[in-house]
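Biologist: I'm new to this one, and I'd like to learn how to read it. Could you walk me through it feature by feature?

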Amino acid sequence: MDELIDALDTQGNPTGETILKSQAHHDGIFHATVHIWFYTKTGEVLIQQRGKLKKTFPLLWDISVAGHVGAGETIINSALREIKEEIGITVKASELQKIGVFKAIRKHSKILIDCEFHHTYLAELKVPLAHLKKQESEVSALNLIPISIFETFVASDKFVPNTSAYYHTIFKAIEAQL
């Protein structure tokens with residue numbers, strides 16, 4: 001789905017320009033996204049399997065919740081909106097723990113270039129997996145994996161590729177909460 005987003009410069013600062021997400025991806029224009037990693041106090045991480053119709057990495061496992069920050073939307077409001085849309089639960093802003101902003105550039109093809117700043121959060125999953133309601137158009141499945149296999153699993157060809165430094169940061173941040 002195309003949506004309006006705010007363009008960013010190469011340092012992550014707003015340029016003042018509002019563009020369509022499709023234009024940002026076509027032209028490699030930086031923009032903001034949110035990543036929310038849910039964990040349980042029993043040492044599990046919530047992962048989602050991307051929808052089969054996604055343009056990038058269909059049916060691969062991915063972050064608990066992720067999405068683009070809408071034009072004029074705050075990072076926190078975007079995170080809360082994406083959580084509600086993708087897994088059907090409401091959390092408070094105070095339940096999100098920011099662990100960093102990660103600059104990422106990925107050229108999928110000549111006409112699909114992701115240039116993003118991932119505002120990344122942790123949150124404790126306080127409801128059972130069965131109580132989550134996945135967004136059918138975005139998410140094929142939800143699952144919990146033990147933190148003990150997290151680093152190995154994200155390095156597999158079943159998971160959306162990212163830098164090992166990114167995943168190591170996530171692993172350490174979740175481990176610190178347990």
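This is a predicted model: local features need pLDDT of at least 70, side-chain atom pairs count only at pLDDT 80 or more; totals for chains, interfaces and linings use all residues.

Biologist: Good. Where is F57 found, then?

Modeller: F57 sits in the loop between strand 4 (44-50) and strand 5 (61-62). Its backbone deserves a look: F57 has a positive phi of about 55°, although it is not a glycine. L59 belongs to the loop between strand 4 and strand 5 as well, and it too is a non-glycine with a positive phi, about 65°.

Biologist: Next, salt bridges. What's the general idea?

Modeller: Side chains of opposite charge can pair when their charged atoms come close. A search of the whole structure here finds 9 salt bridges.

Biologist: Which residue meets K21 in a salt bridge?

Modeller: That's E3: the two side chains meet at 3.3 Å, N to O. E3 lies in the segment before strand 1 and K21 in helix 1, so the pair ties together parts that are 18 residues apart in sequence. Both E3 and K21 are buried.

Biologist: Which residues does K21 touch, leaving out those up to four places away in sequence?

Modeller: K21 touches M1, D2, E3, I5 and H68. As for its setting, K21 lies in helix 1, residues 21-27, and its relative accessible area is 15%, so it counts as buried.

Biologist: Can you show me another pair?

Modeller: Take D62 and R50, whose side chains meet in a salt bridge of 3.1 Å, N to O. This pair links distant parts of the chain, with D62 in strand 5 and R50 in strand 4, 12 residues apart. D62 is buried, and R50 is buried as well.

Biologist: How many residues apart are R81 and E85?

Modeller: They are 4 residues apart, about one turn of the helix, and both lie in helix 2. R81 forms a salt bridge with E85, with the closest N and O atoms 3.3 Å apart. R81 is at 24% relative accessibility, so it is partly exposed, and E85, at 35%, is partly exposed too. Salt bridges that share partners join E73, R81, E82 and E85 into one network.

Biologist: On to pockets. What volume does the largest pocket have?

Modeller: About 1200 Å³. The largest pocket is lined by 46 residues, and H25, R50, K54, T56 and H68 lie nearest its centre. Among the elements that give two or more residues to this lining are helix 1, strand 3, strand 4 and helix 4. Strand 7 supplies the largest share, 6 residues. By class, the lining residues divide into 15 nonpolar, 15 polar and 16 charged.

Biologist: And which residues are closest to the centre of the second largest pocket?

Modeller: Of the 14 residues that line the second largest pocket, the closest to its centre are D6, L8, A32, V69 and I75. Its volume is about 170 Å³. The largest share of its lining, 3 residues, comes from strand 1. The lining of the second largest pocket has 8 nonpolar, 4 polar and 2 charged residues.

Definitions and conventions:
Residues are numbered from 1 along each chain as its sequence is written. Side-chain values use heavy atoms; hydrogens and water are left out. Buried means under 20% relative accessible area, exposed over 50%, partly exposed in between (1.4 Å probe, protein chains only). Contact means heavy atoms within 4.5 Å. On a 1 Å grid over the protein atoms alone, a cavity is a set of points where a 1.4 Å probe fits but cannot get out, and a pocket is an open set with protein on both sides within 12 Å along at least five of seven lines; lining residues have an atom within 4 Å of a point. Grid points are joined across faces, edges and corners, and a volume is the space filled by probe spheres set on the points. Ala, Val, Leu, Ile, Met, Phe, Trp, Tyr, Cys and Pro count as nonpolar, Asp, Glu, Lys and Arg as charged, and the others, Gly among them, as polar. A salt bridge is a side-chain nitrogen of Lys or Arg within 4 Å of a carboxyl oxygen of Asp or Glu.
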